[in-house]
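Please read the sequence alongside the three-dimensional model shown below.

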Amino acid sequence: IVQYNDSLNSYCAEKKVNWFNKANQEGKFKLWLMSNDEKRTYAGYLQSIGGYHRYSNYKIAIKYYIRAKEVFDNVKGYESLKGNLFFVLAICNIALGQIQEAEKNVQIIEKMFNEGLIDKNVVQSNTDGVTRQIEFY
């Protein structure tokens, strides 16, 4: 789905989103049986679906991002992916005028930087189909 989002191929991205949502609704994904890496993949897919919706509906995107965060809360490692999740949450909250929520996300990113969990140039933005690294100072 990431490749489809990056290339703005909404038709194929929508097919992946529909597949995931159907499988999820049917209970095919069982978190309690997943390894750490499988949970990371599941959370990443939720995050990618949030990215898909970010182009059309920030509120729906936030719902997927929050679900991804809930899964990531039980995943060890992958700090750069977690940092990116807080970054896109902040972007969505800013777009919706929810500045206090965005500030909370930025504070989490800042804390991750200060604790050395992520590098200042690891968080990536992909708000327009072009991936670029963001540096924080």
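A polar atom of the side chain of K82 lies 2.6 Å from the backbone oxygen of V75, and such a polar contact is defined as a pair of N or O atoms within 3.5 Å in which, within protein, one must be able to donate a hydrogen and the other to accept it, while residues adjacent in sequence count only if both atoms are side-chain atoms. The model is a predicted one, in which local features need pLDDT of at least 70 and side-chain atom pairs count only at pLDDT 80 or more, whereas totals for chains, interfaces and linings use all residues. Residues are numbered from 1 along each chain as its sequence is written, and side-chain values use heavy atoms, with hydrogens and water left out.

K82 is found in helix α5, and, when residues up to four places away in sequence are not counted, K82 touches F72, V75, G77 and M112; a contact here means heavy atoms within 4.5 Å.

The protein has six helices and two strands, and from the N terminus on these elements run α-α-α-α-α-α-β-β. Helices (H or I, at least four residues) and strands (E, at least two) are DSSP runs, numbered from the N terminus. Of the 137 residues in the protein, 36% are buried, and among the contacts with a separation of 6 or more, 53% are between residues 24 or more positions apart.

Which residues of α6 are buried? They are A102, N105, I109, M112 and F113, and because they cover an arc of only 105 degrees around the axis, they sit on the same side of α6; the arc is that of the directions from the helix axis to the C-beta atoms. The buried residues of α6 pack against α5 (79–95), while Q100, K111 and N114 are exposed on the other side of α6. After α6 comes G116, whose phi is positive, near 75 degrees.

In one of them E70 pairs with R67, the closest N and O atoms being 3.5 Å apart, and because E70 and R67 are three residues apart in helix α4 (residues 58–72), about one helical turn separates them. An α-helix has 3.6 residues a turn, so residues three or four places apart point the same way. E70 is partly exposed at 41% relative accessibility, and R67 is partly exposed as well, with a relative accessible area of 31%. K69 forms a salt bridge with D73, with the closest N and O atoms 2.8 Å apart, and K69 counts as partly exposed at 27% relative accessibility. The exposed K111 of α6 forms a salt bridge with E115, where the closest N and O atoms are 3.6 Å apart. Salt bridges that share partners also join K22, E26 and K28 into one network.

Aromatic rings complete the tour, with seven aromatic pairs in the structure; rings of Phe, Tyr and Trp (its six-membered ring) pair if their centres lie within 6.5 Å, and planes under 30 degrees apart count as stacked, over 60 as edge-to-face and the rest as tilted. W19 and F29 form an edge-to-face pair, 6.0 Å centre to centre with 75 degrees between the planes. W19 lies in helix α2 (residues 10–25) and F29 in the loop between α2 and α3 (36–54), so this pair ties together parts that are ten residues apart in sequence. F20 and Y45, by contrast, form a stacked pair, 5.0 Å centre to centre with 20 degrees between the planes, and because F20 lies in helix α2 and Y45 in helix α3, the pair ties together parts that are 25 residues apart in sequence. F20 is buried, with a relative accessible area of 2%, and Y45 is buried at 19%. Together W19, F20, F29, Y42 and Y45 form one aromatic cluster.

Terms used
Buried means under 20% relative accessible area, exposed over 50%, partly exposed in between (1.4 Å probe, protein chains only). A salt bridge is a side-chain nitrogen of Lys or Arg within 4 Å of a carboxyl oxygen of Asp or Glu.
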